[in-house]
Amino acid sequence: MNPTPIADLEPLSRAREQRAWYWYDWANSAFATTVAGVLFGPYLIAVAEEDAVDDRVSLLGLSLAPGSLPAYVITASTLLAAVLLPLLGAVADRTSRKKDLLAGFAWAGAAAGALLFFVTEDNWQLGVAAFLVANVCFGAAAVVNDAILVQISDEHERDRVSSRGWAFGYAGGGLLLAVNFVVVSAHDTFGLTEGMAVRLSMLSAAVWWAGFTLIPWARLRNHPPADVEPVEGGVVQRSFGQLWVTLRELRQYPVAVTFLLAYLFFNDGIQTVIGQAAVYGEEELGFETGTVLGTYLLVQLVAVFGALLFGRAAVRVGAKKVILAGLAVWSLIVTAAIFIPDGALVPFLLLGAAIGVVLGGTQALARSYFSLLVPRGKEAEYFSFYHAMERGTSWLGTLVFGLVYQFTDSYRPAIFALILFFVVGGLLLARVDTARGIRDAGNRMPAVV
């Protein structure tokens, strides 16, 4: 008598974890949109202008234009993250408690983000410090979150799972943004000043981020680390040891390194457009904060479908080709932006819709594509390098944007200067040999590359 075969329940288990994992994108997108994307930049400028002398404020002995301050703050947070995240990646790869690390960084970032509520009158320095901490924690949590993606999905599932996560995130971020749009636009109806409405909206994003992180923290499983380096000492010493080994072995994965360089450029361009679009809309085109919020809401809605569309296209023709097509569209977007007349709402909305189509798709596929090039057991380390260049933590793009504005006193040449990042990133990406990279990393080859 043949024994009854035991059903393989692992796919069902992975599917449950994937559904739980989507909720972190839902949680953190509130900070990325409401705070980093829309409200923080213009609000910090407004508060700093109250303290400005001869249209300049002093920060660490530097004389800065209030209008360039948000770009410099993001630049500083990225440089800090570039030092800290690789060490964090080594720690994360050596622990089975990745979901606890994810939640811890998310809650720390949310706590720092909540401090933005107390930025009033001329105390813009508190806003600088709070955003620095929140943005670094945002990047740290993203490193762990992307490492978890590899643990809960097989190679052939990555594009689909990553794209759905991004779509879920844009839906969640868009929902809160819709509420904040009403609060800021109709602040008089609620008996609020515009400043109080903005501060409450930023606080709501922090609470949203912290609250919905409870779902993945409760429902994800802990997975044992794989193939960690046999180094001795305490956790910090062991992590430095593994990081050192990884840095020495990077030359064995030239395809992954080439993609990281490509990502450095094109993602800096994407993140700078996202981070400075609100400043561009308000300071250059003259739109009210409520109008910019409404445009971001449109971006969020379109991005849900854009992420799903790009995910489906990647299944048919491969992620690399779809990303390259997206970069071509990004180049057209920053070119068109310089020709929008002041106060022209319809072109501004059309530009927002175009951003929405390519925004979620290029980011989601970049994440899943890179996961195929990463050697197993070192996902968090490699994603720490990846996230040193990730959304809301760009440094080259924001630095160029801030410098061009500083010297030209106009945001139009500043936004057009970003085309350089999409062109260089696309040229580097075109050189990436996907099949070789997957083989070098020891991963399985998907049906379509």
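Aspartate 433 is partly exposed, with a relative accessible area of 40%. Here buried means under 20% relative accessible area, exposed means over 50%, and partly exposed lies in between, with a 1.4 Å probe and protein chains only. Aspartate 433 sits in the loop between helix H16 (419-430) and helix H17 (434-441). Helices are DSSP runs of H or I with at least four residues, numbered from the N terminus. From aspartate 433 to glycine 67 the C-alpha atoms are 42 Å apart in space, and the two are 366 residues apart in sequence.

The model is predicted: local features need pLDDT of at least 70, side-chain atom pairs count only at pLDDT 80 or more, and totals for chains, interfaces and linings use all residues. Residues are numbered from 1 along each chain as its sequence is written, and side-chain values use heavy atoms, with hydrogens and water left out.

Two other aspartates come next. Aspartate 409 lies in the loop between helix H14 (396-408) and helix H15 (411-416). Its relative accessible area is 61%, so aspartate 409 is exposed. Its phi is near 60°, a positive value in a residue other than glycine. Aspartate 146 belongs to helix H4 (residues 124-152). Aspartate 146 is buried, with a relative accessible area of 2%. Aspartate 146 touches Arg367, Phe383, Tyr386 and His387, leaving aside residues up to four places away in sequence. Contact means heavy atoms within 4.5 Å. Alanine 32 is 114 residues from aspartate 146 in sequence and 16 Å away in space, C-alpha to C-alpha.

The largest nonpolar core has 131 residues, and Phe259, Phe266, Trp330 and Phe370 touch the most other members. Such a core is a set of buried Ala, Val, Leu, Ile, Met, Phe, Trp, Tyr and Cys residues joined through side-chain atoms within 4.5 Å. Helix H1 (residues 10-51) gives the most to this core, with 19 residues. Phenylalanine 266 touches Ile323, Leu327, Ala366, Phe421, Phe422 and Gly425, not counting residues up to four places away in sequence.

Phe266, Ile270, Val273 and Tyr280 in H9 meet Ile323, Leu327, Trp330, Val334 and Ala337 in H11. By class, these residues are 9 nonpolar, no polar and no charged. Ala, Val, Leu, Ile, Met, Phe, Trp, Tyr, Cys and Pro count as nonpolar, Asp, Glu, Lys and Arg as charged, and the others, Gly among them, as polar. The axes of H9 and helix H11 (residues 319-337) come within 11 Å and cross at roughly 35°. Axes are lines fitted to C-alpha atoms, for helices over the stretch in contact, and angles run from 0 to 180 degrees between N-to-C directions. The H9 and H11 crossing is left-handed. A crossing is left-handed if the near helix is turned anticlockwise from the far one by less than a right angle, and right-handed if clockwise.

Helix H9 (residues 254-284) also packs with helix H10 (residues 289-317), at an angle of about 145° and with axes 9 Å apart. H9 passes H10 in a right-handed crossing. On the H9 side, Val273, Ile274, Ala277, Ala278, Gly281 and Glu282 make the contact, with Thr289, Val292 and Tyr296 from H10. The contact of H9 with H10 has 6 nonpolar, 2 polar and 1 charged.
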